Amino acid sequence: MLRSALLLAAALSQACPGAQAQDAAPARGLSLLEAVQAALERNADLLVARTSVDAALGAAQQLQGALDPVLGAQMQQSRAQESLAQLDRAAFAAAGVTAADQRIDSRIGQVSLSRQFANGMQASIGAIHSSLRDNTDALLGAPPQKSGALTFQITTPLLRKPGIAPLGAALDAEVEAATLEQEFAAAQTTRDVALAYWNAQSCAERLRIARASERRSEELLADLRRLVAADEVPRADLQLAQASLSVRRSSRLAAQQSLLDARRALGRLLGLDAASIERLDALSDRPPGTRSGMEMPQADDTQAADALRRRADLAALGRRVQAATLRRESVQEQNRPQLDLVLSATRRGLAESDGPAWLPAFTHRAGPGWGVGLNYQIALGERAALGALRQQDALVQALRVREQDLGAAIESGVRIAAQALQSAAEQLDEAGRAVAGYRATVENERTRRRLGLVTLIEELTVEDRYNDALLLEAQAREGYASAIARWRFETGTLVQRAGARYTSRVDALFDPTVQ
């Protein structure tokens with residue numbers, strides 16, 4: 001991130017600060033590669049896509065936390081006191097003991113460790129130590145009682161499958177879907193940056209054309225003024241030349257505003273603040289052109305099939321369908337009756353003494369014990385279960401419809417993008433030929449007007465057509481470069497994935513034939 005930020009800062013610092021610098025080519029400007037790198041690190045939509053991946057990973061981690069062991073500890077101390085009944089007092093008096101009330105002091109300490117497993121089993125182990133001191137027992141000479149118990153219990157589901165396993169698989173699918181959606185967001189960002197970059201370059205070229213046209217009109221007006229002063233041309237030609245200059249100035253002002261808007265749009269995609277956007281003047285890369293004998297990609301079934309295989313958005317939607325299906329299975333499973341087998345084993349000991357040691361309570365007079373049981377649970381109503389299942393069915397169906405529709409849209413988009421690319425290449429070739437023809441014609445008409453062979457209005461007409469041809473060529477260059485970006489996006493070749501990482505293929509934006 002630091003390297004890309006430094007590249008962008010260097011490009012901005014060397015950019016031309018004012019509008020007048022557009023006529024001169026800058027020594028250094030922001031390249032398309034640097035623009036894409038900056039956008040991949042700062043673009044808001046892509047940053048949001050990254051948070052979706054973190055959220056999916058957090059949900060998966062949270063589910064895994066249900067399998068973490070749980071350690072519990074408890075300590076309790078209490079005293080119960082009540083008056084003895086008359087019969088009990090008489091019994092104590094007969095034994096030579098005076099007692100008016102009974103006080104029972106109890107202390108209980110418990111430690112347990114439990115864990116749930118992915119297969120649905122639950123196991124727990126615990127130790128309980130309790131001590132009981134009764135004043136009436138002490139009056140009769142009985143020592144305090146201390147008991148200890150070690151317990152182990154395991155619960156095994158017999159009817160219902162564990163819900164963690166399908167939920168875990170669903171969350172894994174959702175993590176992969178979020179990762180693929182992030183990759184698709186990177187492809188969208190790369191495409192949008194390329195379109196905005198070429199639009200800004202096209203606006204800069206149209207401004208250069210407008211300025212050149214304005215200069216020629218100013219030179220023409222100055223030349224006519226000299227000729228009018230020498231009585232070689234009528235004064236009416238000055239009005240026509242002045243009107244032509246006003247039109248060209250208006251075109252130049254409109255081109256300046258278009259360039260400003262294009263820079264702001266590009267700057268927003270790059271995640272720049274307002275001050276940095278204002279300094280975003282120079283762009284170094286020129287829109288690509290066609291080559292002689294260049295064969296454009298054709299939209300056939302193979303291209304469409306490859307696009308369906310490569311498109312990250314379609315793959316992400318497939319993972320969403322998989323996750324929703326797994327969640328449906330989990331809901332269906334949890335709606336079944338529950339029957340658990342519970343097995344337990346215990347070891348209990350008893351110690352009667354006044355000593356503070358607690359270990360004898362577990363070892364003295366200890367004996368084993370065991371237990372076996374069944375827990376059965378069934379919902380008497382099915383509305384909640386059927387409602388949850390119906391909701392999941394609707395979600396799965398909706399995702400499958402979207403998946404099918406997206407697949408059809410991708411196939412159609414590939415064919416349309418291929419046709420648009422072919423048409424854009426042909427338009428660029430024709431526009432180049434038109435510019436070459438009008439360039440020579442303008443020079444000829446200028447010479448003929450000076451020789452008095454054509455009128456001023458005829459020269460201005462050819463000049464206007466030449467400007468139109470230049471603007472058409474600039475528009476065709478932008479259209480061709482944008483058609484490449486759209487073709488790459490539709491075919492899923494804008495982003496290259498290697499394992500869990502991906503990179504934008506900026507080189508592919510300059511040549512549609514690069515594999």
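Modeller: What follows is a walk through the salt bridges, then a strand group and a helix. Keep in mind that the model is predicted.

Start with the total. The structure holds 21 salt bridges. Here are a few of them.

Take Glu478 and Arg206. They form a salt bridge, and their closest N and O atoms are 3.7 Å apart. This pair links distant parts of the chain. Glu478 sits in helix H13, residues 456-490. Arg206 belongs to helix H6, residues 164-229. The two partners are 272 residues apart. The relative accessible area of Glu478 is 15%. The cut-off for buried is under 20%, so Glu478 counts as buried. Arg206 has a relative accessible area of 23%, so Arg206 is classed as partly exposed.

Next, look at Arg103 and Asp101. This is a salt bridge too, with 3.5 Å between the closest N and O atoms. Arg103 is partly exposed, at a relative accessible area of 32%. Asp101 is also partly exposed. Its relative accessible area is 22%.

Now turn to Asp313 and Arg311. Their side chains meet in a salt bridge at 2.9 Å, N to O. Both Asp313 and Arg311 are buried. Salt bridges can also share partners. That is how Glu214, Glu218, Arg249 and Arg252 are joined into one network.

Now for the strands. Find strand E5, residues 338-352. Strand E4, residues 145-157, runs antiparallel to E5, and 13 bridges join the two. Across this pairing, Phe152 stands opposite Ala345 in E5. E5 also pairs with strand E6, residues 367-377. That pairing is antiparallel as well, over eleven bridges. There, Leu341 stands opposite Leu374 in E6.

Finish with helix H2, residues 32-42. Eight of its eleven residues are buried, so H2 is largely enclosed by the rest of the structure. Which residues of H2 are buried? They are Leu32, Glu34, Ala35, Val36, Ala38, Ala39, Leu40 and Glu41. Note that Glu34 and Glu41 are on that list.

Key:
Residues numbered from 1 in each chain as written. Predicted model: local features only at pLDDT ≥ 70, side-chain atom pairs only at ≥ 80, totals over all residues. Heavy atoms only, no water. Pairing = 2+ DSSP bridges. Helix = DSSP H or I, 4+ residues; strand = E, 2+ residues; numbered from the N terminus. Salt bridge = Lys/Arg side-chain N within 4 Å of Asp/Glu carboxyl O. Buried < 20%, exposed > 50% of the residue type's maximum accessible area, 1.4 Å probe, protein only.
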